[in-house]
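Let's take a look at a protein together. Have the sequence and the 3D view ready as you read.

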Amino acid sequence: MKKIAILLSGRGSNFISIHNSIKSGNISGAEISLVLSNKADALGLTHARAEGLHAVFADYSKFKDRVKYDMYVAAQIKDSGADLICLAGYMRIVSKEFVEIFKDRLINIHPSILPSFPGLDAQQQAFDYGVKYSGCTVHFVDEKVDHGAIILQSLVAINDDDTVDDISARILKEEHLVYSKAVKLFVEDKIRIIGRKVVVQK
Ligand code: GRF
């Protein structure tokens, strides 16, 4: 049984989607061993508690030092026995020390086709730029923001009359599919990292 830790800060729809994929058997041989949030009022944390999952609020104000905080979070992850750590709307930049501990098993979802539009408000960035396609990317996390090796990407078309909300909703739908797909591949040990490239075994 592979164990998964989820780090989030808000709504938690990607976490819920991964959890539903596990519950439905679409992802088998895996369980969520920890849901951790840096925000006490994150909806994702409330949902995790309601589902009887191990849910932790990690309060940054008790640390005020990025690396010490990250080491506390790392200890929670280690205690949970997690094999895979999924950032799912976790609105903190993780330290290089944290990345090092979980090298090659720390993944993130970003709502754009990287390397376009890294950072905050990726959907707004895509809208403002006027691209005809955007989408989402699941990638390994390295020491640079939204930069690590890409596992899966999924495109969505942008129509002339779309609002940012339309684009965000279309991308989010795709995020839910592609994040579960990437987690399933990891759990089934079908992912190989070769330099910057990720090879997915058929
Ligand atoms: C998603 O758009 C994800 O790509 C980004 O943060 C958002 C989190 O949404 N990293 P949710 O909390 O999973 O609903």
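## Before we start

This is a predicted model, where local features need pLDDT of at least 70, side-chain atom pairs count only at pLDDT 80 or more, and totals for chains, interfaces and linings use all residues. Residues are numbered from 1 along each chain as its sequence is written, and side-chain values use heavy atoms, with hydrogens and water left out.

## Helix H1

Start with H1, residues 13–23. (Helices are DSSP runs of H or I with at least four residues, strands are E runs of at least two, and both are numbered from the N terminus.) Eight of its 11 residues are buried, so H1 is largely enclosed by the rest of the structure. Buried means under 20% relative accessible area, exposed over 50%, with a 1.4 Å probe and protein chains only. Among the buried ones are Phe15, Ile18 and Ile22.

The cover over them includes strands S1 (2–8) and S5 (106–110), plus helices H2 (43–50) and H6 (164–187). After H1 comes Gly25, with a positive phi near 90°.

## Helix H2

In H2, the buried residues are Gly44, Leu45 and Ala48. Looking down the axis, they fall within an arc of 100° (taken from the directions from the helix axis to the C-beta atoms), so they line one face of the helix. Over on the other side, Leu43 and Ala50 are exposed.

## Ser33

Ser33 sits in strand S2, residues 30–37. Ser33 is buried, at 12% relative accessible area. Its side chain makes a polar contact (N or O atoms within 3.5 Å, one able to donate a hydrogen and the other to accept it; sequence neighbours count only if both atoms are side-chain atoms) with the side chain of Ser80, at 3.1 Å.

Technical notes
Contact means heavy atoms within 4.5 Å.
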